[in-house]
Amino acid sequence: MEPVESHHAGAAFRAAEFAARTSYGRLLAFLSARNGDIAGAEDALSAAFEAALNSWPQTGIPDKPDAWLLTAARHSLIDLARHRKRHIDSAIDPEEMMSNMEAHTPPDTEIPDERLGLLFACAHPAIEAHSRAPLMLQTVLGFEAGAIASAFLVAPAAMSQRLVRAKQKIRLAGIPFVIPGRDVLHERVDSVANAIYAAYANGWSDPAGTEPHLMNLAAEAIWLGRVLASLLPDQPETLGLLALMLYSDARRTARRGNGGEYIPLSAQDPALWHKESIDEAERLLVRAASFAMPGRFQLEAALQSAHVVRRHTGSADWHAIVMLYDALLNITGSPVVAINRAVALAETDGPAAGIAGLDAIANRPGIGQYQPYWAARADLLKRSGDTGQARIAYGHAIGLESDQAVRSFLQKQLAEIQ
């Protein structure tokens, strides 16, 4: 029989873990907004969770664990402020901090949801662009620096330093934890959305789920997207971002076969796509379009919609896809978009038109080392009958591909023309 103490400890751990998963960002945002110090708020929350694990097995899990943790973290912050006041001559007045926190906490102890302010602080223009997404993951989701470093292919020590610098910048520059005014809101929303999508793309890059550091990263990014869309429901790009991630995630299980083999979008079985996610994405996209303010994420979501229409019609809407890529290319000028446009153009006007589209960007910097360019070129050359050049292109694509499943797929394509 399990000892009573062990049972209570297990229940306390599960309650603390649930609070961390559902409320960490809200707790950190509340504390950080009142002392302007994310690192200090993180330390206080860490002490609060440690106190909970020591206390709850004996005293029982409180009715409102979040409120208990907030109170413990506030006491920790105030104790630290008093220590600094005595020994470091800190400018922070601990009594003023206590008064500020108490004045802004509703009497029913419900914690105000100020995560959006935290997101915008992390995406402030003063923060280095490459630090924004990792900073959001750590502060809003509680990811450890080591896990974030692995996800973004950065050395753990370098990522830790990057995050420390970003938090120091927020504290020293007095960056506010607020939604910016309308004059800069659009620019800052883009920064937040781009950072969230960068996190999603890192998680999406591991479809087989073989990389522990990427596990759940896509799901967490979708959660962040939901937060952003729910707190800014009248910003069409936030709706487009969430729709785009849901469209993509709906096809997750269809991207690999039973043996782990790679399956391109055109060969995926629509019956394996997650219907509820697609339906939700469609509703979000329709709502975003009602604002008549098209943007990158809305266009990318619309492209996904034009692909998944195959579940009803049996084929993608390639003419719409070409037009959407034209619009997206005008906004971004991205060579990645140009490659995808060339592939779509081959579906409407034949492989020669697609090859011409690829030729137009062949001299762009970095294209020669970009695997999707060579994979697309190989396929179009093969379809056009130019097997000699197709073999060369397949060789480049295979050499540049790190995913073994994709390499095997390309090798099979090459074998068909050997």
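User: How much space lies in the second largest pocket?
Analyst: This is a predicted model. In it, the second largest pocket holds about 670 Å³ of space.

User: Which residues are closest to the centre of that pocket?
Analyst: The pocket is lined by 18 residues, and those closest to its centre are Ala-20, Leu-141, Gly-142, Phe-143 and Glu-144.

User: What lines the second largest cavity?
Analyst: Its lining consists of Ala-20, Arg-21, Thr-22, Ser-23, Tyr-24, Gly-25, Arg-26, Arg-115, Val-140, Leu-141 and Trp-223. Ala-20 and Leu-141 were also named among the residues closest to the centre of the second largest pocket.

User: Which helix gives the most to that cavity lining?
Analyst: H1 does, with seven residues. H1 and H6 each supply at least two residues of the lining. By class, the lining of the second largest cavity divides into five nonpolar, three polar and three charged residues.

User: Now the helices. At what angle do H5 and H10 pack?
Analyst: Helix H5 (residues 115–122) and helix H10 (residues 217–231) pack at an angle of about 110°, and their axes are 10 Å apart. The two helices are therefore roughly perpendicular to each other.

User: Which residues make that contact?
Analyst: From H5 they are Arg-115, Leu-116 and Leu-119, and from H10 they are Trp-223, Leu-224, Val-227, Leu-228 and Leu-231. Seven residues of the contact are nonpolar, one is charged and none is polar.

User: Is the crossing of H5 and H10 left-handed or right-handed?
Analyst: H5 passes H10 in a left-handed crossing.

User: What about H15 and H16, how far apart are their axes?
Analyst: The axes of helix H15 (residues 318–332) and helix H16 (residues 335–349) are 9 Å apart, and the packing angle is about 155°. Because of that angle, H15 is roughly antiparallel to H16. Their crossing is left-handed.

User: Which residues of H15 and H16 meet?
Analyst: On the H15 side, they are Trp-318, His-319, Ile-321, Val-322, Tyr-325, Asp-326, Leu-328, Leu-329 and Thr-332. On the H16 side, they are Val-337, Ala-338, Asn-340, Arg-341, Ala-344, Leu-345, Glu-347 and Thr-348. The contact has ten nonpolar, four polar and three charged residues.

User: One more pair: why do H9 and H11 count as roughly parallel?
Analyst: Helix H9 (residues 182–204) and helix H11 (residues 236–250) pack at an angle of about 10°, with axes 10 Å apart. Angles under 35 degrees count as roughly parallel, and H9 and H11 are therefore roughly parallel to each other.

User: And which residues meet there?
Analyst: Val-189, Ala-193, Ile-196, Tyr-197, Tyr-200 and Trp-204 of H9 meet Thr-238, Leu-241, Leu-244, Met-245, Ser-248 and Asp-249 of H11. The residues of this contact comprise nine nonpolar, two polar and one charged.

Technical notes:
Residues numbered from 1 in each chain as written. Predicted model: local features only at pLDDT ≥ 70, side-chain atom pairs only at ≥ 80, totals over all residues. Heavy atoms only, no water. Axes fitted to C-alpha atoms, helices over the stretch in contact; angles between N-to-C directions. Helix = DSSP H or I, 4+ residues; strand = E, 2+ residues; numbered from the N terminus. Parallel < 35°, antiparallel > 145°, perpendicular 65-115°, else oblique. Left-handed = near helix turned anticlockwise from the far one by under 90°. Contact = heavy atoms within 4.5 Å. Nonpolar A, V, L, I, M, F, W, Y, C, P; charged D, E, K, R; others polar. 1 Å grid on protein atoms, 1.4 Å probe; cavity = no way out; pocket = protein on both sides within 12 Å on 5 of 7 lines; lining within 4 Å. Points joined across faces, edges and corners; volume = space filled by probe spheres on them.
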